[in-house]
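Here's a quick tour of a single-chain model, written to be read with the structure open. Take a look first, then go through the notes below.

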Amino acid sequence: VRLASSKSSGMLGANGSETERQEKSPKILSKSIDLNPSQVLVISVMSSSGSAFEGRHLVHVIERAGFQYGEMGIFHLYDGIVGDTNLICSAANALNPGTFDLDQLSEFSTIGVSFFLALPTSINNLQAFEKMLNAAQQIRRDLDGELKDDQRNVLTSQTIEHYRQRIRDFELDQLKVAGGRG
């Protein structure tokens, strides 16, 4: 179920110019995203008690956490300076099809945002996970939402430690595979 409406967003500038609308829209970055990761870790920020996150406010909070709108119509967090090629994680609408339509934000709302980390990352996997976790916690606070795991159960400290162990196990498996090639 998608809560976004198909109505026009009316995002023209104060004097109605398309140019003004484009200047206020976030820049879309095009980076290569691994569509065949070995493993994916997911943390979601879900709205409390059946409410929904309003589109403009949600996008503002996601961008304030360092995410940039880009490829596949979702948000991406990169390591370092703007435009850096080291993708940390991505954030998608928790509802299908998972995208954000920036042209219809005034009509858009959703029950949640899912953050996902594809292993292996281009940086240290545990550091990437901690950055994703910190961003999700910040966004949860800003939206007054709830953190959920990949099954949309409450994210507990035990689950967080389980994710860290999955990363260590993944890295050990990668070393075993690399060792078998030599």
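## The chain overall

Of the chain's 182 residues, 42% count as buried (under 20% relative accessible area; exposed is over 50%, partly exposed in between, with a 1.4 Å probe and protein chains only). This is a predicted model, where local features need pLDDT of at least 70, side-chain atom pairs count only at pLDDT 80 or more, and totals for chains, interfaces and linings use all residues. Residues are numbered from 1 along each chain as its sequence is written, and side-chain values use heavy atoms, with hydrogens and water left out.

The secondary structure comes to four helices and eight strands (DSSP runs numbered from the N terminus: H or I of at least four residues for helices, E of at least two for strands). Along the sequence they go α-β-β-α-β-β-β-β-β-α-β-α. Of the contacts (heavy atoms within 4.5 Å) with a separation of 6 or more, 69% are between residues 24 or more positions apart. The chain exposes about 9,800 Å², 49% of it from carbon and sulfur atoms (Shrake-Rupley method, 1.4 Å probe; for residues, only the protein chains shown count as cover).

## The core

The largest nonpolar core has 39 residues (buried Ala, Val, Leu, Ile, Met, Phe, Trp, Tyr and Cys joined through side-chain atoms within 4.5 Å). I43, F67, F75, F115, F129 and I139 have the most contacts inside it. At least two core residues come from each of β1 (39–46), α2 (55–64), β4 (75–78), β5 (87–93), β7 (112–119), α3 and α4 (157–180). Helix α3 gives the most, with eight residues.

Take I43: beyond its neighbours within four places in sequence, its contacts include F115, F129, M132, L133, A136 and Y163. F116, in strand β7, is partly exposed at 24% relative accessibility. F116 touches V40, L41, V42 and M132, among others.

## Helix α3 and its partners

How do α2 and α3 meet, and at what angle do their axes cross? The axes come within 10 Å and cross at roughly 145 degrees (lines fitted to C-alpha atoms, for helices over the stretch in contact, with angles from 0 to 180 degrees between N-to-C directions). The contact is made by H57, L58, V61, I62 and R64 of α2 and Q138, I139, D142 and L143 of α3.

N125 belongs to α3 (residues 125–143) and counts as buried because its relative accessibility is 8%. The N125 side chain makes a polar contact with the side chain of E171, at 3.0 Å (a pair of N or O atoms within 3.5 Å; within protein, one must be able to donate a hydrogen and the other to accept it, and residues adjacent in sequence count only if both atoms are side-chain atoms). Residues touching N125 include L119, P120, I167 and F170.

Most residues other than glycine have a negative phi, and most peptide bonds are trans. Here, a cis peptide bond joins L119 and P120, with omega about 0 degrees; P120 sits in the loop between β7 and α3. Another cis bond joins N96 and P97, with omega about 10 degrees, and P97 lies in the loop between β5 and β6 (109–110).

As for phi, M72 has a positive value near 70 degrees. M72 is in the loop between β3 (68–69) and β4 and is partly exposed at 39%. R152, with phi near 65 degrees, is in the loop between β8 (146–148) and α4; R152 is partly exposed too, at 37%.
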